[in-house]
Amino acid sequence: EMCIRDSYNAASSNPTIVNTVFSRNSVNTGSGGAIYNTQSSVNLINSTLSGNAAVGGGGIYNSLSTTTLQNSIVWGNQDSSNTGTQVSNVSGGNINLSNSIVQNGEFGGTNADPLFVNAKGDDLRLKSGSPAVDLGAYEGAQLAPAPTPAASRTIFVRSNAGGSNNGTSWVNAFTDLQAAIAAAQSGDTIWVAAGVYKPTSTADRTASFSRAGKTQIEIYGGFA
């Protein structure tokens, strides 16, 4: 298996990508967290895209392009609106699916949790009983029962939000970044809208944001 951080395909490129994992890529101001296609034709075979994030199309973005998925999984990618959109097709973009799992059943894909061993920990092997076993995507062997991880959350921060200030959406986003960090738990992701954030309202120039006691928290900034 091969792990790739991201793929940018343009100008009539025609790659075939086989036995590959795209995981934990992020795009703060654009689309296609794992794969961005423009004027190209891309073939994905026996591959998995999970845990990627972008403004639009957390997994794949197609513009004047066609992506063909065969025996592959696109699951657990995020967009900035937190709608869970895995694939974004614009301006003549197209996707063809064959024997593949795509979250939300987008474009006719199978909407069945692939049961990763531990997606937050980048362990995208499949648990026993996964509907993707023998699909051809990244399987490996689960050597021991995996502990059930705590439910992870996406916490939103926007300096001018006017909602409930609880971080559950862009409308109800925390207006203070330190408050969001304090509320975060292990495995959570914090999305921060573009703006100016200060660790204190005083004139103390030695103050800084603190993540003391907080582990495995991811913070992404610059969202529009």
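**Four-stranded sheet**

I started with the open sheet of 4 strands, which is ordered β3-β6-β10-β14 with parallel pairing. Two strands count as paired if DSSP finds at least two bridges between them.

Which strands stand at the edges? They are β3 (16–18) and β14 (94–98); each has a single partner strand, so one side of each is left without a neighbour in the sheet. Direction ignored, neighbouring strands here are turned by 15° against each other on average. The axes behind that angle are lines fitted to C-alpha atoms (for helices, over the stretch in contact), and angles run from 0 to 180 degrees between N-to-C directions.

Next I looked up β6 (residues 41–45) against β10 (residues 66–70): they pair in the parallel sense over 5 bridges. L44 has L69 as its bridge partner in β10.

**Ground rules**

I keep in mind that this is a predicted model: local features need pLDDT of at least 70 and side-chain atom pairs pLDDT 80 or more, while totals for chains, interfaces and linings use all residues. Residues are numbered from 1 along each chain as its sequence is written, and side-chain values use heavy atoms, with hydrogens and water left out.

**Three-stranded sheet**

I then went to the open sheet of 3 strands, in the order β18-β19-β20, where the pairing is parallel. Its edge strands are β18 and β20, each pairing on one side only. Neighbouring strands in this sheet are turned by 20° on average, direction ignored. β18 and β19 run parallel and are joined by 4 bridges; the partner of V157 in β19 is V192.

**Aromatic pairs**

How many aromatic pairs does a search of the whole structure find? I get 5. The test takes rings of Phe, Tyr and Trp (its six-membered ring) with centres within 6.5 Å; planes under 30 degrees apart are stacked, over 60 edge-to-face, the rest tilted.

F156 and W191 are edge-to-face, at 6.1 Å centre to centre and 75° between the planes. F156 sits in β18 (residues 154–157) and W191 in β19 (residues 189–193), so this pair ties together parts that are 35 residues apart in sequence. Are the two residues buried or exposed? F156 is buried at 1% relative accessibility, and W191 is buried at 1% as well. My cut-offs are under 20% relative accessible area for buried and over 50% for exposed, with partly exposed in between (1.4 Å probe, protein chains only).

W191 also pairs with F223: the ring centres are 4.6 Å apart and the planes at 15°, so I log this one as stacked. It links W191 in β19 to F223 in β20 (residues 218–223), 32 residues apart. F223 is buried too, at 2% relative accessible area. Ring pairs link F156, W170, W191 and F223 into a cluster.

**Cores**

Last, I checked the nonpolar cores (buried Ala, Val, Leu, Ile, Met, Phe, Trp, Tyr and Cys joined through side-chain atoms within 4.5 Å). The largest has 20 residues, and V157, L177, I190 and W191 have the most contacts inside it. At least two residues each come from β18, α1 (177–183), β19 and β20. β19 gives the largest share, 4 residues. A second, separate core of 13 residues includes A34, L69, V74 and V87.
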